[in-house]
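Subject: Structure for you to look at

Hello,

Here is the structure I said I would hand over. Please open it and keep it beside this email while you read.

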Amino acid sequence: MSLRERLRRLFGREETLPDAGEEAREEAVKAVVRRRCESFRRLLSANKGALEAMSDMEDLLRGTRPFGMGQVRSAATRATAAVYQMVRELRALSRDAWPELPVALTRITGQMEALLNHSGETVQGPLVIPLGDVRMAHAPLVGGKMASLGEVAAHAGLNVPDGFAVTVAAYERFMNHNDLRAELERRIQAADTDNLDEVFRLSSALQQCVLSAPLPPDLEEAIVTAVDAMQARAGEGLLLALRSSAVGEDAQGISFAGQFRSELQVPPEEACRVWKEIVAGKYALTAMTYRLQRGIPDHAMPMGVGVLAMVRAKAGGVAYSRDPVAGARGGGHVVINAVHGLPGGVVDGGQTPHVWLCSRENPPRVLEVSPADGPPPLDGEQAGHLARVALALEEYYNEPQDVEWALEADGRIVILQSRPLPMPCSGGGAVGAHAAANPAEDTVADTAASSASSSVADTRPVLARGGMPVSPGLAEGQAFVARKEADMLAFPEGGILVVEQAWPRWAPVLGRAAGLVSENGGMAGHLASVAREYGLPAIFSLPHACRLLDGAGLITLDADGARILAGGRSGANPAPPAPRPCLMAGSPVFLCLQEVARLVTPLHLLRPDAPEFAPEHCRSLHDITRFCHEKAVALMFRDEGDVSGRMGKQLRAGACLRYWVVDMGGGFSGNVVGPVVDLEKIASRPMLAFWEGLVAVPWAGPPEANVRGLMSAIFESAMNPELESTAANSMAERNIFIIDAEYMLLQARYGYHFCTVECLAHGRDHENFVSFQFKGGAADMQRRCIRVDLLTELLEEQGFRAEARQDALFAVAEGQDREKTLQKTALLGYVLLHSRQTDILMGDKGRVEALRRQWQADMTALTERWPRVWRKRCCANRLDC
């Protein structure tokens, strides 16, 4: 087989090879191999994201916490985007060997969209809507940006510009009138979107298609009529601002910030032409690459446009209701950025703004001013007013806000945009300014002035003082310190929950709680929102709360006074609160979730060797995920002569499982010839650390199960059609490492288990992480859940942030130095090996406890001797420790 033929089979199209000698041709082959490996890595990463989104959806289905359609759409969108990327990468790997696959994805996602847009949430509607009539419920019709602006004007009582929204229905009318949808999609599908030059050419062509298409007469008339009405209200001199408002734009986590187009100072007679420019901006290079990188299909973001009157701004800028970057301060300030004139200088980065740091109290105080060149555009009173506006919007939307504003000459503040402000995920930073915790010996005599919730003197001991009240009120109950998820099982009715971290996972017990205390967290957190919804008094960011309240017995939580008192108000045990009904059961949102999940989570494609293992038989996103993963692995390791050795090499280390290694560059020491690589030739530190944990303690083999455990596995295998074993599939036995010198991604599927381990460990501590995803088992669901709960508890003890969702475990440790990250990666190697097949033992409490003690001892021992183990491994592989 010629080199050119090998390339064609390998990458799906002929590559241009240099006319130089064999060395140059060899380098060309290596470049193709690297691109193929990168595509495979992206597919595996998307596979991990798809399974996480499916687990989130399954978690919502448990109904243990309130949620809205936004969370349903978020889980569905994340699953769809991940599966879309898997399909795209498989098509690149396979030369589009399964053309039915995108058809199956379109069919399934179309059914999902019909469900999510049910009850009038469709693109049907008027072509334009006056801004005064727009509400948040119109987001599917006008996009989130304009829906939020209309909501601000209608219910938050703030000033916004005059204007109207050109709706998604108008966008659809324009696309259908010119038959643009099919043409644009054809061009996108035909392009090599991995090639930036080709994307640039594609972007130009798509924009030209849009700009050259005529407006439907009814749409042009609707825009002109709405502009004329604005001109009649404003008089002469009206200029317009046209701003993108795509569906999904400014969503949490997918903001498209600065990617779409806006046009300012537009004469009224140019509104129709500029509207087309805004729509064409959906295909600008920045917007297209962002959308492609996030795996968002073109059809998933129809474009709405806002047509607004230009504001004659004396000053403008952006207000953050919390500090999004100052981790040490925990975001406990309002940040005002301001320039003279319109806020474009701030949002575009063209000017250095003046910055005011304001407190979050009412009224806010200016704490610090960082002036830029020139006179300040605001005075202290105006900055305080803007801080109040930002806080009002945060309170209204119940989350931090990024607010674009303008100040007119008469002092009127006009809101131009308000969207969710992503906040750092790092823990441990207190939010805002708090008082220090006081020891139990402190006693106080309090009057009404010291606590808004008590009007009589109180001389009880103060167990703790300080923190941030996130939900007001007074409560009493038995203090219950919970450090791991398993503790929730013993939580008493009417107790006061005390935790170290305000994680959302504690929400299931809030229905039985009288109050909530956390050592960390802030007012904008999910758990704080749930507490407020349930009317639970709550204090967050209270230092040492677990230590101070452990064993305290009956306590009184005074959220308004930011303190915890010993005993109850009456000295008697409080009566348990009335049980709270499940607010979600039978609701339209929950029913919609159930129908959407039916198209997402079930797995019907079980045997890769069966005739039904084909795209046309895919009935869910999980089916497509399974198909893509199976076929991608087969393509990567198929027999292609000497090319197969370039794609992946079998690891020779005497392991009981089959491991294959794909080197992205720098993962091997020197040139590795042939289909096998020895462990001593591995130069990837994360992989070596994981391997050291894998072999640290020899595996004793499959555990001896009692009759019940064995029967549980047999019964589950026979009765559960979604429980798959990969033993019959030779490709499934290939547990794959993708590595470079500082990175590792492992996907292992064996027996009835599936796991993913990903690690990045280098010199930039804030970027380092190791994550672990584990799901499955042969026993019944109860036993699998017990095993996952046990592993969650053990990993939390080792410093992981771990979360159990039925029989799925997700754990991560991040932001630590390289040595600690590698040590935790080794612990995951130990866990992966020694948790195998133990789910069949989980019905025996004695054996569960014995396993707990053994695993704790082994993990502690591995941690203690890790420096010696790591030095020895680095020496063997000739690496710098």
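In which loop does Asp179 lie? Asp179 is in the loop between α7 and α8 (180-190). Helices (H or I, at least four residues) and strands (E, at least two) are DSSP runs, numbered from the N terminus.

Before the rest, two notes on how to read the values. This is a predicted model, so local features need pLDDT of at least 70 and side-chain atom pairs count only at pLDDT 80 or more, while totals for chains, interfaces and linings use all residues. Residues are numbered from 1 along each chain as its sequence is written, and side-chain values use heavy atoms, with hydrogens and water left out.

Backbone points

Asp179 has a phi near 50 degrees, which is a positive value in a residue other than glycine. Asp179 counts as exposed because its relative accessibility is 61%; exposed means over 50% relative accessible area, buried under 20%, and partly exposed in between (1.4 Å probe, protein chains only). Gln265 also has a positive phi, near 55 degrees. Gln265 belongs to strand β4 (residues 262-266), and its relative accessibility of 42% makes it partly exposed. A cis peptide bond, with omega about 5 degrees, joins Asn362 and Pro363. Pro363 sits in the loop between β8 (354-358) and β9 (366-370).

Helix α22 (residues 781-797) has 17 residues, and its first and last C-alpha atoms are 24 Å apart, close to the expected 24 Å. The expected span is 1.5 Å times one less than the number of residues. In α22, 12 of the 17 residues are buried, including Arg783, Cys785 and Leu790. Just after α22 comes Gly799, with a positive phi of about 95 degrees.

At the start of α23, a side-chain oxygen of Asp817 comes within 3.2 Å of the backbone nitrogen of Glu819.

Aromatic rings

How many aromatic pairs are there? The count is 11, where rings of Phe, Tyr and Trp (its six-membered ring) pair if their centres lie within 6.5 Å, and planes under 30 degrees apart are stacked, over 60 edge-to-face and the rest tilted. The ring centres of Phe174 and Trp275 are 5.4 Å apart and the planes stand at 90 degrees, so this pair is edge-to-face. Phe174 is in helix α7 (residues 168-177) and Trp275 in helix α11 (residues 271-280), so the pair ties together parts 101 residues apart in sequence. Both Phe174 and Trp275 are buried. Tyr659, Phe690, Trp691 and Phe737 make up one aromatic cluster.

Thr80 lies in helix α3 (residues 69-94) and counts as buried because its relative accessibility is 15%. Leaving aside neighbours within four places in sequence, Thr80 is in contact (heavy atoms within 4.5 Å) with Thr109, Met112 and Leu621. The side chain of Thr80 also reaches the backbone oxygen of Ala76, at 2.8 Å.

Regards

Methods
Polar contact = N/O pair within 3.5 Å; in protein donor to acceptor, adjacent residues only side chain to side chain.
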